[in-house]
Amino acid sequence: MIPVAAMFSLAQCSYAATEYMDHPQGAMYPWMMLSTLLTLALPFVLVMRDRHPEPVFWTACVIVMVFPYDSMLALMAMTSLLARRSSRMRTIRAIAVGASVSVWAQLRDALRPADSSIWHLFFSKPDTGTNGVPIEMLTGEGPIIATSVVAALIGTAIATLIGLHIRSRASLDTAQAKADAAATHAATLQHDLTNQQLADAIAAEAHDTLAHSLSLLALNASALQAETARLEPSEQAESIARKAEDIRRQAAGALDEAHQIIDMLRHPQNAWEQLTSAEETELTRESLGALIAQTRDAGQRLDTWIDIRQLGELDDAVAKVAYRAVQEGLTNARRHALQAPVSLEVTANPEAGVHVHLSNPMPSVASDAAPEPTGSPAHGNGLAGLTARAISVGGACRYGVDDRHVFHLDVHLPWRGRAHA
């Protein structure tokens, strides 16, 4: 655009300067020289048309009005303005001013002497007006002036149509982008709706099966406790009553946890709040002591080696994974080897990180069904989920059965302070 505007301005300026070539002492001679030089600089105002289309348009109009330039610079600026601004009043004003400036620029050239006018050259006889041959016109001044005005209006119309076309194409692209975004959003909503329907179905199934079974377990434990109270007082009766109370309390707790999970499935928008770390589900001295006490109360023989320091500085996410590692390991031992002794080692400090190791021999009666090496589906989803959690915080989880039929769970987690997190 800049070279084209410079070329048109230079052509009209050079013809306008012809009548002053023989009078270098006059004031118009240096003015024409300055105008000729500025044809190489002033069109660069178009560079700013993206950010400031309206000031560029008015500046271009002033340049065409003041200097003996063609109207191409103003029409290009008008096209840029119409393409980038959609105000109705601004559009009408720009077209009116652009047409006026274009007509003025062409009339100014048509009203000059024949030797200094491009329009007169178009209507001159061939081989006249050059090489010292006086110019001879084929028509009068009226048709030349009328033609220049019509050409100016046609140029304005073309510039207007180009600007409006660019604007409409940009609007169409914007509308298409909005339509694509709306379609993507609708597809996302449909996907979320499908997932929520699946979650609702799972929640309903869990409520009908798991919650019902846990309720029956708690009810049967209460019935057992009531029946034991009717027996003659003895140490064995008291032991059975205590065990029944523990079963009832644990079943009630499991039922509450099942209802919480079901509620998270039905209301995923609140799930993240419930999944955030809490003191009860983070590795602390209190939570670790409660897990060990619950395991021993359930009748599991548990040997521990605990070396924990500065747990208050450990990142919540890492502390929660460490707690889940201990919880999953003890739960797995109760499920598969209730009568076998369990060894638990927990080490946590900034130098060594967090290390959780559990081991228990597998019962000989269940050796054929013992878990296979790491990753076997026989472990269910608990250990696989624990592995994913450990990896999510930059740690590692390994588990499996050795040659002596001893099951091992080994979890290494990096130490991340709260400030780092």
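Colleague: Which residues lie nearest the centre of the second largest pocket?

Modeller: This is a predicted model, in which local features need pLDDT of at least 70 and side-chain atom pairs count only at pLDDT 80 or more, while totals for chains, interfaces and linings use all residues. Residues are numbered from 1 along each chain as its sequence is written, and side-chain values use heavy atoms, without hydrogens and water. A pocket is an open set of points on a 1 Å grid over the protein atoms alone where a 1.4 Å probe fits, with protein on both sides within 12 Å along at least five of seven lines; its lining residues have an atom within 4 Å of a point. The second largest pocket has 17 lining residues, and those nearest its centre are Phe-8, Gln-12, Asp-70, Gln-106 and Trp-119.

Colleague: Which element gives the largest share of the lining of the second largest pocket?

Modeller: Elements giving two or more residues to this lining include helix H1 (2-16), helix H4 (72-84), helix H5 (88-110) and helix H6 (118-122). Helices (H or I, at least four residues) and strands (E, at least two) are DSSP runs, numbered from the N terminus. The largest share is four residues, and these come from H7.

Colleague: Is Glu-351 buried or exposed?

Modeller: Glu-351 forms a salt bridge with Arg-309, with the closest N and O atoms 4.0 Å apart. Glu-351 lies in the loop between strand S2 (342-349) and strand S3 (353-361), and Arg-309 in the loop between strand S1 (302-308) and helix H11 (316-336), so the pair ties together parts 42 residues apart in sequence. Buried means under 20% relative accessible area, exposed over 50% and partly exposed in between (1.4 Å probe, protein chains only). Because its relative accessibility is 64%, Glu-351 counts as exposed.

Colleague: Which partner of Asp-402 forms a salt bridge with it?

Modeller: Asp-402 is partly exposed, at 24% relative accessibility. Its closest N and O contact in the salt bridge is 3.9 Å, and the partner is Arg-404.

Terms used:
Salt bridge = Lys/Arg side-chain N within 4 Å of Asp/Glu carboxyl O.
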